[in-house]
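Hello,

Here is the structure I promised to pass on. My notes follow below it.

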Amino acid sequence: MATKFSKETYLYWYELMQLIRTFELTAEEKYKMEGKIRGFFHAYVGQEAIAAGCMTATKPEDIFITAYRDHGLAVAKGVSVDSCMAELYGKATGCAKGKGGSMHFFGKEQHFFGGHGIVGAQIGTGTGLAFAENYKGTDNVVLCFFGDGAARQGILHESFNLAMLWKLPVIYICENNNYAMGTSVERTSNIHDIYKLGAAYEMPSEVVDGMNPETVHDAVAKAVKRAREKNGPTLLEIKTYRYKGHSISDPQKYRTKDEVDEYKSKDPINLLRKSMLDGQLATEAQVKEIDTRCDEVVAASVKFAEESPFPSDDEVLKDVYVDQDYPFIVD
């Protein structure tokens, strides 16, 4: 099959997407069936093609920052699967030392800056990270992810204005999975096409098919090139769909089973697998080998998490303030 992407790229996409899917489904099982994971839990199941396409369109030094549906992007960025699972378990070996949980994954070395629980907060922080890269004179770009619900936050408009004024190297990516927490865009905004919000700031903007890593890669690569050339930000509305509820406790009464099944028929992993097999980019044996490897990696992460210790009591006030002599901490 003639393609502009290499066989290796397709294999990389498939393995990453399958690894994210396996991680999420396994973690959900540990939460629901075994009670070993508690607190909030927001699964990335169905949105994996976005993470895959963004990874091949960027370099390791580029910064990712996102909201609380952060597991998939953290794994994509290279935060170890062991440390991600341990974080869900609240263990000291977690990527946030067991203090952040599902919503606050973090990987400084991997340039993954969270995991933010306050809706839309990462839009301002991501803009600030882009300002810092611009100030330091690097050619790094920031990919700032947010959901369709956060598009209604005022900080988006303030950030868009300054990012365009200062031509900051930031790509705003709205992962539009249709429902925010449980309310459709149509019920909360007069603007149903979120990418059109960029027009008020003359920001280049487009809508992207988020169920295909190829289309995601192309759109992100174009925006990255623009940012690296000091031409400023881009807004991408990437259309996707989450198969799970907003969080693990969501009864999902706002959508029908038929609607979910319709989107599952467009599952990005299944479609990519079929495309690879039909185009002779991979064999059934190679695909099964990847599936097995992902199963083994995630199973090992569960073992790692379960055998890891919980944080000790003296960790409670650590990492809260950078200033160790902060005068307002009292016993």
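**Aromatic pairs and salt bridges**

Tyr172 counts as buried, because its relative accessibility is 0% (buried means under 20% relative accessible area, exposed over 50%, partly exposed in between, with a 1.4 Å probe and protein chains only). Phe160 is also at 0% and counts as buried.

This is a predicted model: local features need pLDDT of at least 70, side-chain atom pairs count only at pLDDT 80 or more, and totals for chains, interfaces and linings use all residues. Residues are numbered from 1 along each chain as its sequence is written, and side-chain values use heavy atoms, without hydrogens and water.

The structure has 13 aromatic pairs (ring centres of Phe, Tyr or Trp, the last by its six-membered ring, within 6.5 Å; planes under 30 degrees apart are stacked, over 60 edge-to-face, the rest tilted). Phe160 and Tyr172 form a tilted pair, because their planes stand at 50° with centres 4.7 Å apart. Phe160 is in helix H6 and Tyr172 in strand S3, so the pair ties together parts 12 residues apart in sequence (DSSP runs, numbered from the N terminus: helices are H or I with at least four residues, strands E with at least two).

There are 25 salt bridges in the whole structure (a side-chain nitrogen of Lys or Arg within 4 Å of a carboxyl oxygen of Asp or Glu). One joins Asp139 to Lys59, with the closest N and O atoms 2.5 Å apart. These two residues sit in loops 80 residues apart. Asp139 is partly exposed at 36%. Lys59 is partly exposed at 22%.

Best wishes
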